[in-house]
Amino acid sequence: MTPKTKNHIGLRTLEDISTLILKSHDLHETLQNIVSVVARRTLSDVCSIYLLDDDRQTLRLLATKGLSRRAVGRVTMKVSEGLTGLVVEKRQVVALQEPQNHPRYRYFKETGEERYHSFLGIPLFDRNIPIGVLVIQSRAPRRFSDEDISGLSTIAFQVASIVVNARLLDSIQHKEAQANRYVEALRQAAGAPRPSQPEETAETTRESALRGVVAYPGLASGPAHVMSAEHGLTDILDEEVLAPEQEKALLEEALEKTCIQTIYLEKRMAERLSQADASIFHTHLMILEDRAMQQRLQEEIEEGHGARYAIEKVIGNYVEAFERMEDPYLRERAADMRDIGRRLLANLAGQSPHTLHLKHPGILIAREILPSDMAALDHEQIRGIVTEAGERNSHAVIMAKSLGIPALVGVRGILKKVAPEEHVILDANSGLLHISPGSQVADEYHRLEEDAGRQLHQIEKFRDLPAQTRDGVKVVLRANVGLVSDIDIARRNGAEGVGLYRTEFPYMIRPDFPSRDEQYQLYSRVVKEFNGLPVTIRTLDIGGDKALPYFKPPHEDNPFMGWRSVRVSLDNRDIFRTQIEAILMAACHGPVKMLFPMISGIEEIRACKAVVEEARQNLSSQGIAFQADVPLGMMVEVPAAVQLAERLAREVDFFALGTNDLIQYLLAADRNNALVNRYYDPLHPAVLQVLHNIASIAKRQNKGLCLCGEMANDPLNLLALIGMGIREFSMAAPFIPRMKMMLSRISSLEAEDVAKQVLEMTESSEIRASLTKLLKTTDSSF
Ligand code: PEP
Ligand code: MG
């Protein structure tokens with residue numbers, strides 16, 4: 001059942017504004033459009049946006065509907081002056097009737113301001129720092145409801161992120177122009193020719209195997225399908241140029257074709273992977289329709305260049321600018337720009353859409369996989385993926401996860417080393433790619449592959465069997481999901497519902513914050529697909545290494561210890577409440593639990609619960625269907641939460657053990673830093689003691705406990721965890737059948753015995769040896 005949506009200022013206006021943002025191409029124009037929409041929707045006489053100048057002390061009127069347009073850009077006031085300044089000073093909403101009676105009231109005649117009988121000022125923040133104010137005034141006295149204020153606060157949040165993004169883009173362009181000027185000046189000074197592209201650092205080792213980062217584990221071998229990067233953007237060629245009008249017409253045509261193709265690609269991707277994976281093409285359309293970019297392309301042509309040169313130069317500049325960004329997510333967007341550039345050039349040259357027909361199964365080798373490749377590739381023929389580029393959110397990783405095939409990313413020099421059809425062995429368990437391996441290596445892998453194949457065959461049998469130990473103790477294995485395509489993988493692997501739904505991914509691949517309804521649609525789809533099995537939805541866990549394109553975190557020296565996760569949510573209450581409302585609404589469709597990440601103290605979990613209460617009230621006052629008594633839980637992943645676990649347990653219905661973070665914080669060893677890999681040890685005595693402690697507290701207080709970190713994927717760790725009494729796990733779904741098989745060979749009593757022993761041990765080598773010994777005696781294949 002779809003919940004009723006009441007006519008509500010905030011929500012409808014937010015939808016209008018999201019559309020506006022998609023259509024607008026310039027900050028001032030966007031802000032001006034926003035104030036017009038907000039004034040109209042709120043039936044107000046005036047809506048204005050003031051932003052703080054660089055001095056952080058002066059507020060400047062930047063857009064208005066209702067005040068004199070001549071005042072825009074001119075009217076300024078100090079933060080210490082007037083009611084608008086008061087909003088910045090207090091960093092909170094100021095709502096007044098008869099504002100002229102307030103001691104801070106000040107009359108600005110330049111604005112043509114009449115006497116207004118109501119004033120509402122909402123602060124705009126960039127993270128926690130005020131950047132301006134959204135002001136609404138009306139001649140008639142009026143009182144804004146809490147609901148309206150909350151809706152308008154969400155709009156203020158959107159306005160703030162547009163401003164922040166526009167400034168960011170400006171600063172990239174500024175830096176880019178400055179860098180170009182320096183290069184040009186240096187070249188002229190030296191009378192030097194145009195510099196060539198720097199040579200890529202060639203791999204000089206004679207290794208027959210290249211190393212990379214495992215994106216998805218497994219073994220595969222076969223001929224290499226080498227995907228060349230067609231139409232690279234690096235070489236700007238001399239060319240014959242037609243008259244500017246003709247070049248502009250060619251450019252127009254290429255842009256139009258590319259837009260149409262983008263819509264087609266979105267559809268194809270939605271069919272092959274999922275709607276969520278496909279939404280990246282929305283962003284491509286926005287970029288293609290961006291007026292500033294189109295203008296730059298035209299300017300190049302007006303300067304006497306051809307359309308091809310214009311595309312290569314303009315897109316190339318964007319690519320470089322993105323590649324220089326510190327933020328990993330934004331850096332990844334360079335791939336999207338390259339994809340757009342490649343398709344524009346192909347359309348300009350009149351080439352048919354890029355498709356890669358794979359005649360037989362093999363390992364796909366590419367510099368990187370762009371969104372259009374994901375849509376075009378013949379998935380059935382891909383046994384594994386290896387890319388030269390590689391970060392956590394790359395499209396290659398998304399594709400490998402969606403298809404459940406082994407993948408290695410960040411393999412340097414790969415394209416120079418592998419020839420098309422050359423035989424390769426991908427060992428995405430150890431992070432190695434063997435190229436034309438000698439017979440010994442090939443034989444060894446052949447054996448391993450056969451074993452893996454046999455094991456796979458055996459493992460297959462466990463897919464639909466219950467998870468239980470040899471002596472019949474039941475264990476619950478659920479899936480960690482993020483993408484919609486993970487749902488199918490989870491079901492195919494026999495997951496008993498979802499133990500951790502990481503909601504940040506749908507947020508990451510969109511151009512702006514999803515509305516409540518969009519979130520509701522998405523969450524309820526996941527809930528329905530699991531057909532009565534429980535789904536634990538975790539609230540937004542951004543920050544650390546996960547950023548949103550429209551919500552750039554500040555530069556932090558220690559992002560994992562910084563402004564991340566629930567801290568961001570609690571500082572942006574409206575966005576937080578909106579997400580919670582969507583979760584409560586989705587809970588009408590099946591058993592849902594709500595999980596709060598990174599809790600480090602009692603106040604935080606209480607603050608989260610207060611937002612849940614607010615969400616319940618809001619939904620009931622709007623007459624929207626929702627489930628009120630959704631179980632609430634918290635991730636135990638910060639050492640402080642471990643210390644306070646006894647007290648925290650009284651505040652929640654369940655704990656989720658986030659061992660990925662917990663281990664890194666306990667042992668001060670970054671989970672993504674290969675240099676400290678050996679310090680990141682799940683079998684460290686301190687880690688085991690903490691896990692045992694949490695398991696005992698949860699049991700004593702009769703609270704649910706699910707361990708959802710990666711450590712459960714390793715049989716040794718699993719043995720210790722079962723021995724400590726942990727009975728519920730959530731993991732990447734392809735591991736589930738394997739873990740069921742593992743469990744079927746373990747005796748819970750033996751596991752308990754060994755756990756007791758290892759908890760007394762002081763060194764992890766000793767712990768490892770004990771667990772290995774037991775596994776070897778119970779499982780001959782180990
Ligand atoms: C964890 O920290 O263990 C966890 C499951 O969450 P994430 O990997 O998303 O931080
Ligand atoms: Mg975590």
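Q: Let's start with contacts. Which residues does His284 touch, not counting residues up to four places away in sequence?
A: Contact means heavy atoms within 4.5 Å. By that rule, and skipping residues up to four places away in sequence, His284 touches Thr262, Asp336, Asp339, Ile340, Arg343 and Pro371.

Q: What sort of model am I looking at?
A: A predicted one: local features need pLDDT of at least 70 and side-chain atom pairs count only at pLDDT 80 or more, while totals for chains, interfaces and linings use all residues. Residues are numbered from 1 along each chain as its sequence is written, chains are lettered from A and ligands numbered from 1 in the order in which they are written, and side-chain values use heavy atoms, with hydrogens and water left out.

Q: Where does His284 sit, and is it buried or exposed?
A: Helices (H or I, at least four residues) and strands (E, at least two) are DSSP runs, numbered from the N terminus. His284 belongs to helix α7 (residues 280-288). Buried means under 20% relative accessible area, exposed over 50%, partly exposed in between (1.4 Å probe, protein chains only). His284 has a relative accessible area of 0%, so it is buried.

Q: How many helices and strands are there in the protein chain?
A: There are 28 helices and 22 strands. Of the 782 residues in the protein chain, 55% are buried.

Q: How many residues of α23 are buried?
A: Eight of the nine, so α23 is largely enclosed by the rest of the structure. Among them are Asp661, Leu662, Ile663 and Tyr665. The cover over these buried residues includes β16 (498-502), β19, α21, β20 (654-657), α24 (685-700) and β21 (704-707).

Q: At what angle do α25 and α27 pack?
A: Two packed helices are described by the angle between their axes and the distance between the axes. Here α25 (residues 715-723) and α27 (residues 748-760) pack at about 95°, axes 7 Å apart. Axes are lines fitted to C-alpha atoms, for helices over the stretch in contact, and angles run from 0 to 180 degrees between N-to-C directions. Leu719, Ala720, Ile722 and Gly723 of α25 meet Ala751, Glu752, Val754 and Ala755 of α27.

Q: How many aromatic pairs does the structure hold?
A: Rings of Phe, Tyr and Trp (its six-membered ring) pair if their centres lie within 6.5 Å; planes under 30 degrees apart count as stacked, over 60 as edge-to-face and the rest as tilted. The structure has two such pairs. Tyr501 and Tyr523 are edge-to-face, 5.9 Å centre to centre with 90° between the planes. Tyr501 is in strand β16 and Tyr523 in helix α17 (residues 516-529), 22 residues apart. Both tyrosines, Tyr501 and Tyr523, are buried. Phe576 and Phe596 have ring centres 6.0 Å apart and planes at 80°, so that pair is edge-to-face.
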